[in-house]
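Please keep the display in view while I talk.

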Amino acid sequence: INRLNQNIVDVTKPRTENKASNASNFKEFIYARIGDFHFVVEIAKVVEIIQGFDVTPVYGQNKFVRGLINLRGQVLACIDISIYLGCSGLILDERNKYLVLKHENQEFALCIDEVFGMRSHDLAGFSNSSLVLADEIAELFPRLIENNAQTILELSVDSIIQSRYLEPFHKEKLN
């Protein structure tokens, strides 16, 4: 039984009114995959999808920041969350795909395995992921939805920027 997509319907309102209000509950997302994790990210947070870029490695203990990408003169941090999802780290080569994501005035490239395209989802269908996911994963993917027997996580771009794994790179720490 799929309990994540249950909605309460107000039978006192005319059906046409319910349909109109539901239409505004839908939002557009980019649908992608890292390892076995299928996820969506709000399309307004996606600048572009790129592939075939060289990554200049950043050495050290932090495997969250894999390196830097020069995207038309703009230097972007290359973020790899695959290890934190329990996957083996992505091998970075010319075949890699990246979602260039933005948070306020900051942009970064997220390493991904595959992009499936755009999807529209009803926001009311999402559930709190902390009920079923480990805390570290739920921080990055705070909500999830079940769609055709597939669990799809919603990536929080804000959570990546605020992640403890990026603390050494925050401006406040550098000053």
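A disulfide, in the sense used here, is a pair of cysteine sulfur atoms within 2.5 Å. The sulfur of Cys111 is 3.2 Å from the closest cysteine sulfur, that of Cys78, which is too far for a bond, and the structure holds 0 disulfides. Cys111 is also buried, with a relative accessible area of 0%, where buried means under 20% relative accessible area, exposed means over 50%, and partly exposed lies in between (1.4 Å probe, protein chains only).

Residues are numbered from 1 along each chain as its sequence is written, and side-chain values use heavy atoms, with hydrogens and water left out.

The pLDDT is the predictor's confidence in each residue, from 0 to 100; the protein chain averages 82, and 81% of the residues score at least 70. Confidence is lowest in helix H1 (residues 15–23), at a mean of 46, and highest in strand E2 (residues 37–42), at 96. Helices (H or I, at least four residues) and strands (E, at least two) are DSSP runs, numbered from the N terminus. Where pLDDT is low, the predicted coordinates should not be read in detail.

Turning to the sheet, we have an open one of 6 strands in the order E3-E7-E8-E6-E5-E4, with mixed pairing, where two strands pair if DSSP finds at least two bridges between them. Its edge strands are E3 (46–51) and E4 (56–57), each of which pairs on one side only. Strand E6 (residues 74–79) and strand E8 (residues 106–112) pair in the parallel sense over 3 bridges, and Ile79 stands opposite Leu110 in E8.

What does a search of the whole structure find in the way of aromatic pairs? It finds 4 of them, counting rings of Phe, Tyr and Trp (its six-membered ring) whose centres lie within 6.5 Å, with planes under 30 degrees apart taken as stacked, over 60 as edge-to-face and the rest as tilted. For Phe64 and Tyr84 the ring centres are 5.3 Å apart and the planes stand at 70°, so this pair is edge-to-face. Phe64 is itself buried, at a relative accessible area of 0%.

Key
Predicted model: local features only at pLDDT ≥ 70, side-chain atom pairs only at ≥ 80, totals over all residues.
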